[in-house]
Amino acid sequence: MEIALVSKSSLRIKGKSASFLVDPQSDAAVNAFLLLNPDEEFISEQAVTVSGAGEYEIGGVKITGLRNEKSVLYSIHLDGLDIAVGTITLFFAMQHKLKEHNVIAVRCDEMIDASFLTSLSINAVLFYGEKAAEVTQGFEKEKLITINKYAATLGKLSAEMETVLLA
């Protein structure tokens, strides 16, 4: 499984059987587009667009969307890993309702204390977005990894929590 930064506010999540773009800026060859803001319209003739709550299966990958009034959080089971993708404000609002995930990808468009996120992830928290650098300033500098692509497999996950700035 690989999570790569496509633009400041867009990610590509790629597994063995499917790939997804989160908040795409343009059409691309993937199995599905996942929109965190359900009010945004993105129409593609090349792939499925998911923009709301519900359960989906795309390319053999199970996706569950949870929604509040402003945005959607997706829980994805890909290559044996549980991945959650959403905005920092939605993670904050739903933190007591979520199960632990192996990897959490958080779009940071607002300044919020992100320390609560470490209780939601077993292995890694990935930060991206307009305010990601500011949000991660509260984490220990020597433990914060800055990269543009994060890759993991079920058998090779770090035993220690990783905090990653995708930039």
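This is a guided tour of the structure, stop by stop, with what to select at each one.

The model is predicted: local features are given where pLDDT is at least 70, side-chain atom pairs count only at pLDDT 80 or more, and totals for chains, interfaces and linings use all residues. Residues are numbered from 1 along each chain as its sequence is written, and side-chain values use heavy atoms, with hydrogens and water left out.

**Stop 1: the eight-stranded sheet**

Select the strands β6, β7, β8, β9, β10, β11, β14 and β12. Strands here are DSSP runs of E with at least two residues, and helices are runs of H or I with at least four residues, numbered from the N terminus. In the order β6-β7-β8-β9-β10-β11-β14-β12, these eight strands form an open sheet with mixed pairing; two strands pair if DSSP finds at least two bridges between them. At the edges are β6 (54-58) and β12 (144-147); each has a single partner strand, so one side of each has no neighbour in the sheet. From one strand to the next the twist averages 20°, taken between axes fitted to C-alpha atoms, with angles running from 0 to 180 degrees between N-to-C directions.

**Stop 2: β9, β10 and Val85**

Now select residues 81-87 (β9) and 101-107 (β10). The two strands run parallel and are joined by five bridges. Click on Val85, whose bridge partner in β10 is Ala105. Which residues does Val85 touch, not counting those up to four places away in sequence? They are Ile13, Val22, Leu36, Val72, Leu73, Tyr74, Ile76, Phe91, Ala105 and Tyr128, where contact means heavy atoms within 4.5 Å.

**Stop 3: the nonpolar cores**

A nonpolar core is a set of buried Ala, Val, Leu, Ile, Met, Phe, Trp, Tyr and Cys residues joined through side-chain atoms within 4.5 Å. Buried means under 20% relative accessible area, exposed over 50%, and partly exposed in between, with a 1.4 Å probe and protein chains only. The largest core has 31 residues, and those touching the most other members are Met1, Ile3, Ile76, Ile83, Val85, Leu126 and Tyr150. Strand β8 (residues 72-78) supplies the largest share of this core, four residues. A second, separate core has 22 residues, including Leu73, Ile88, Met94 and Ala114.

**Stop 4: β14 and its two partners**

Select residues 162-166. Four of the five residues of this strand, β14, are buried, so the rest of the structure largely encloses it. Four bridges join β14 to β11, and the two run parallel; Ala124 stands opposite Glu162. β12 also pairs with β14 in the parallel sense, over four bridges, with Leu144 and Thr163 as bridge partners.

**Stop 5: Asn123**

Asn123 is in strand β11 (residues 121-128). Is Asn123 buried or exposed? At 7% relative accessibility, Asn123 counts as buried. A polar atom of its side chain lies 3.0 Å from the backbone oxygen of Ser158. Beyond four places in sequence, the contacts of Asn123 include His101, Asn102, Leu157 and Glu162.

**Stop 6: the six-stranded sheet**

Finish with the open sheet of six strands, in the order β5-β4-β3-β2-β1-β13 and with mixed pairing. Its edges are β5 (48-50) and β13 (149-151), each with a single partner strand, so one side of each is left without a neighbour in the sheet. Within the sheet, select β1 (residues 2-7) and β2 (residues 10-14), which pair in the antiparallel sense over five bridges. Ile3 stands opposite Ile13 in β2.

Key: Polar contact = N/O pair within 3.5 Å; in protein donor to acceptor, adjacent residues only side chain to side chain.
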